[in-house]
Amino acid sequence: MADFQPTWRGRMIPDAPALRGARIEQVGLMIADRQFGGFELAIQGIWARRE
């Protein structure tokens, strides 16, 4: 869980409280390469696991 860090629009949130896996309700993806034009993103799935 230590590798999963809270961010906002790609920037770290330095004073954010530690994330608790059982309380995560949402995960977002952001693509921001500043290139004009269409793109395609195919995601087969997203999984969470306990260690």
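Is A18 buried or exposed? A18 is exposed, at a relative accessible area of 71%; exposed means over 50%, buried under 20% and partly exposed in between, with a 1.4 Å probe and protein chains only.

The model is predicted: local features need pLDDT of at least 70, side-chain atom pairs count only at pLDDT 80 or more, and totals for chains, interfaces and linings use all residues. Residues are numbered from 1 along each chain as its sequence is written, and side-chain values use heavy atoms, with hydrogens and water left out.

**View 1. The whole protein chain, with zero helices and two strands.** Helices (H or I, at least four residues) and strands (E, at least two) are DSSP runs, numbered from the N terminus. Along the principal axes, the C-alpha atoms fill a box of roughly 35 × 30 × 15 Å. The radius of gyration of the protein chain is 14 Å, whereas a compact globule of 51 residues would have one near 10 Å. That radius is taken over C-alpha atoms, and the globule rule is 2.2 Å times the number of residues to the power 0.38. Buried residues account for 2% of the 51 residues.

**View 2. The surface and charges of the protein chain.** Accessible areas come from the Shrake-Rupley method with a 1.4 Å probe; for residues, only the protein chains shown count as cover. There are 7 positive and 6 negative side chains, and the centres of the two sets lie 6 Å apart. Lys and Arg count as positive and Asp and Glu as negative, while His and the chain ends are not counted. Each charge is placed at NZ of Lys, CZ of Arg, CG of Asp or CD of Glu.

**View 3. A nonpolar surface patch made by L29, I31, F39, L41, I43 and I46.** The patch covers about 680 Å². Its members have over 30% relative accessible area and no salt bridge, and nonpolar side chains (Val, Leu, Ile, Met, Phe, Trp, Tyr) are joined within 5 Å, like charges within 9 Å. A salt bridge is a side-chain nitrogen of Lys or Arg within 4 Å of a carboxyl oxygen of Asp or Glu. L41 lies in the segment after strand 2.

**View 4. R9, in the loop between strand 1 (7–8) and strand 2.** The phi angle of R9 is near 55 degrees, a positive value in a residue other than glycine. R9 is exposed, at 61% relative accessible area.

**View 5. W47, in the segment after strand 2 (11–12).** W47 counts as exposed because its relative accessibility is 72%.

**View 6. A18, in the segment after strand 2.** A18 and Q5 are 13 residues apart in sequence, and their C-alpha atoms are 8.3 Å apart.
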